[in-house]
Amino acid sequence: MHKYIDADVLKAAIKELDSGGDYTVYHFLELIDEMPAADVEPVKHGKWIKTDADFHDMPMEEFKCSVCGNTTCNLTDTTIPLPKFCDGCGSKMDGDSE
């Protein structure tokens, strides 16, 4: 698993080092290893998949999230885009799949 660190915390730690010190790359690698992990979560990617939902005479289309199956509706033949993120799981709807 990857370890993500806060670059600003690392910069502050480097600035605290004695400027006259004789540091090697190993000192900096150790400093990086000692950094606390940042609180991050990987971005999930998905896409909207058109369903076969029947809205009878209403000009609507239904789409479901490829990650969690949450659905959203949109007017047929509209210029209004589908949401960029799924409100069910937070996936970024950029057409990629996990």
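## The sheet

Strand 3 and strand 4 pair in the antiparallel sense, with five bridges between them. Strands here are DSSP E runs of at least two residues, helices are H or I runs of at least four, and both are numbered from the N terminus; two strands pair if DSSP finds at least two bridges between them. Before going further: this is a predicted model, where local features need pLDDT of at least 70, side-chain atom pairs count only at pLDDT 80 or more, and totals for chains, interfaces and linings use all residues. Residues are numbered from 1 along each chain as its sequence is written, and side-chain values use heavy atoms, with hydrogens and water left out.

Put together, three strands make an open antiparallel sheet in the order 2-3-4. Strand 2 and strand 4 (71-75) are the edges: each has a single partner strand, so one side of each is left without a neighbour in the sheet. From one strand to the next, the twist averages 40° (axes are lines fitted to C-alpha atoms, for helices over the stretch in contact, and angles run from 0 to 180 degrees between N-to-C directions).

In a regular strand the side chains alternate between the two faces of the sheet. Strand 4 has T72 and N74 on its covered face, while T71, C73 and L75 are on the uncovered one.

## F63 and the core

The largest nonpolar core has six residues: W48, F63, C65, C86, C89 and M93. A nonpolar core means buried Ala, Val, Leu, Ile, Met, Phe, Trp, Tyr and Cys residues joined through side-chain atoms within 4.5 Å. Buried, in turn, is under 20% relative accessible area, exposed is over 50%, and partly exposed is in between (1.4 Å probe, protein chains only).

Leaving aside neighbours within four places in sequence, F63 is in contact (heavy atoms within 4.5 Å) with residues including W48, I49, K50, N70, T72 and L82.

T51 lies in the loop between strand 2 (48-50) and strand 3 (60-65). T51 is buried, with a relative accessible area of 19%. A polar atom of the T51 side chain lies 3.3 Å from the backbone nitrogen of A53. Beyond its neighbours within four places in sequence, T51 touches E62, F63 and K64.

G46 belongs to strand 1 (residues 45-46) and is buried, at a relative accessible area of 0%. K84 is 38 residues from G46 along the chain, yet their C-alpha atoms are 9.9 Å apart.

## The whole chain

Zooming out, the protein has two helices and five strands, running α-α-β-β-β-β-β from the N terminus on. Its radius of gyration is 23 Å, whereas a compact globule of 98 residues would come in near 13 Å (taken over C-alpha atoms, with the globule rule being 2.2 Å times the number of residues to the power 0.38). Along the principal axes, the C-alpha atoms fill a box of roughly 75 × 25 × 15 Å.

Of the 98 residues, 17% count as buried. Among contacts between residues at least 6 apart in sequence, 37% join residues at least 24 apart.

Notes
A polar contact is a pair of N or O atoms within 3.5 Å; within protein, one must be able to donate a hydrogen and the other to accept it, and residues adjacent in sequence count only if both atoms are side-chain atoms.
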